[in-house]
Amino acid sequence: MNVGSTFNVAFRSLRRNKMRSALTALGIIIGVAAVIAMVGIGNGAKAQVEAQIASLGQNVILVFSGSTTSSGIRTGWGGAGTLKIEDAEAIRREVPGVTAVSEEVWSNTQVAAGNQNWFTRIYGESADYFDIRQWPLAEGAPFTAQDVRSANKVCVIGQTTATEVYGNDNPIGQVLRVKKVPFTVSGVLTNKGLSTHGVDQDDIVVMPYTSAIKRIGGGTNLRNINVQVADAQQMIAAQQQIIELLRQRHNIRAGRDDDFTVRNQQEIADTATATTDVMTGLLGAIAGVSLLVGGIGIMNIMLVSVTERTREIGTRMAVGAHGRDILAQFLIEAISLSSAGGIIGIVVGITVANTIALTRHWPSRISATSIIAAFSISALVGIFFGFYPARKAARLDPIEALRYE
Amino acid sequence: MNDGVVVKLVNLHKTYRTGEMEVHAVRGVSLEIRRGEFVALMGASGSGKSTLMNILGCLDRPTTGQYILDGADVSRLDRDQLADIRNRKFGFVFQNFNLLPRTSARENVELPLLYGRYRLTNAQLRKRADYAIASVGLDGREDHYTSQLSGGQQQRVAIARALINDPEVVLADEPTGNLDSRTSVEIMEIFQQLNARGITILMVTHEQDIASYAPRNVHMRDGIVRQDLAATQRLNRDRLQRLKTSPSEP
């Protein structure tokens, strides 16, 4: 018997039991849809986290000043003013591979323009900041290295600050009073969205760090230093050299703890993606169980079907069906059910993932790989769970099968 | 092969072994059936007629002895080879019809063609099935489902299925066993018409009046053939019997 006829026979049998075929496939539909949707949501979350981390900038090393302990109360990173402007200069000068350095100070302050005022975060940075964070301006121009040297009263503001303070007016060239000191807005940053912690990154004012220190006040210490390295391979070496350089500059003896902390962007990314990987894996595993249950459903129905159709099998054998024809028929029935379930399940899964993305604002990312994998797995489920019933059918003795009541 | 003998059994034995017990179902049957014959195989249950029928239909193999079908020895073929023989040489008619449920008459009749040597298009399948259905007088009911047909009609569909591959022999196992007497007569008339067209028919039955439709009756008892009578011999025997019981008849 040829392949075409076998398919013909199998499809005719499935059509004869439409309700049963549909219900059997439903198990697989749910299983595959669950896998597609869950993995899609998991990957979406992972992609979102990765995008947020990439927004920190590429090949960035963050140096935080250390914490102080005062009367048993520790202040956290940046609490102690252990990083000096000279430290940043030294890193810029002495660590090979460093392409950009931005000295950072920040504080939360009330700003005002005209009759509007707003509470926001003020960042003092070097002119390299916008390159390091890969944060272009939407309009206007950033402050320059000259502005930093002269501690000029210029600043760049984020989208949120711009709307809150200036409404629909163009902020470029306007005056922004920061702690009553008038600054000129030279540019507006592009939209960056929420950070991994849910903080609005666009609610910001960025000015030269020199201006922040001299005009706004608050000491001469840096909160942290953002360092950018030319390429990823130099990260570890650069990180090590920064640690050595700073220990030497701060006169820390061997065996004593650093009074600063160095982190690179990759470490932060790894922690965050490891979490989402675990979540994706868990969601996928739970969905996989439902796919397994769907497969067992197929085996169950196929076994019932073989018993119920024993006489049919006997008849087919009597009129010339080989054992392998019967095997092929039942196997194709099982695979057709699981593959059809797989295809419908993919469609349902994508729909579910998109619906969730729309209504719950969870991003979902459905890759071609996961679709191909889901379809292959559903077909394999058909082969695996269909084989035993099919072999049972193929091994029936035609005489006994014909007499079966 | 051209001597007209389709089926030739030579000292055929079939022994079943169930645990310690050996059951000798068929113990030494030799039989010849010529092309175009209509033979009724008779016997009580346990006489070995069903076992013999299974072997004749290539559903089973003899333990010893030879089965020459159409000039070729088929006693030692394997499962798949037997399946091919069944497909090409035989048409089966069963007591309980054995039609596929929830399936149209046409699709039931097409069934043997699906397992045949040739790949036929759906149009060819349909044409041949409709022709076979018409030949048993069921034209117009090709699309009826099994459940929509009466017992007699179902058996006719089964006969159409048996005929579709132009078989050497039609094997009928108690074809009227599940039918009322009037329908049984209709079915037997169809067999007689088929036989008149030159189709060889071998029918198992335990009913004397059904067997009487066949020109030749083979009686089995205890696994061997007891009597093998042609119609003329049967007629003479019956007349003799009547003479014995009522000597007053002229």
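**Helix against helix**

Mentor: Start in chain B, where helix 5 (residues 151-163) and helix 6 (residues 181-196) pack at about 20° with their axes 10 Å apart. Helices here are DSSP runs of H or I with at least four residues, strands are E runs of at least two, and both are numbered from the N terminus. The axes are lines fitted to C-alpha atoms, for helices over the stretch in contact, with angles from 0 to 180 degrees between N-to-C directions. Keep in mind that this is a predicted model: local features need pLDDT of at least 70, side-chain atom pairs count only at pLDDT 80 or more, and totals for chains, interfaces and linings use all residues. As for labels, residues count from 1 along each chain as its sequence is written, while chains are lettered from A and ligands numbered from 1 in the order written.

That angle makes helix 5 and helix 6 of chain B roughly parallel (under 35 degrees; over 145 is roughly antiparallel, 65 to 115 roughly perpendicular and the rest oblique). Their crossing is right-handed, meaning the near helix is turned clockwise from the far one by less than a right angle, with anticlockwise being left-handed. On helix 5 of chain B you'll find B:G151, B:G152, B:Q155, B:R156 and B:I159, meeting B:T183, B:E186, B:I187 and B:I190 of helix 6 of chain B; contact needs C-beta atoms, placed from the backbone, within 7 Å. By class that gives three nonpolar, four polar and two charged residues (Ala, Val, Leu, Ile, Met, Phe, Trp, Tyr, Cys and Pro are nonpolar; Asp, Glu, Lys and Arg charged; the others, Gly among them, polar).

Now hop to chain A and look at helix 11 (residues 323-360), whose axis comes within 9 Å of that of helix 1 (residues 3-16), crossing at roughly 55°. Helix 1 and helix 11 of chain A are therefore oblique to each other, and their crossing is right-handed. From helix 1 of chain A come A:T6, A:F7, A:V9, A:A10, A:S13 and A:L14, and from helix 11 of chain A come A:D325, A:A328, A:Q329, A:I332, A:E333 and A:S336. That set splits into six nonpolar, four polar and two charged.

Helix 11 of chain A also packs with helix 9 (residues 265-308) of chain A: the axes come within 11 Å and cross at roughly 145°. This crossing is right-handed too. Here A:G294, A:I298, A:M302 and A:V306 of helix 9 of chain A face A:F330, A:A334, A:L337, A:S338 and A:G341 of helix 11 of chain A. Six of these residues are nonpolar, three polar and none charged.

Next, the two chains together. The contact takes 23 residues from chain A and 22 from chain B. Helix 1, helix 10 (310-318), helix 11 and helix 13 (398-403) of chain A each give two or more residues to the side touching chain B. That side holds nine nonpolar, eight polar and six charged residues.

Finally, confidence. The model scores ipTM 0.90 and pTM 0.71. Chain B has a mean pLDDT of 90, with 97% of its residues at 70 or more; pLDDT is the predictor's confidence in each residue, from 0 to 100. Chain A averages 86, with 95% of residues at least 70.

Definitions and conventions
Contact = placed C-beta atoms within 7 Å.
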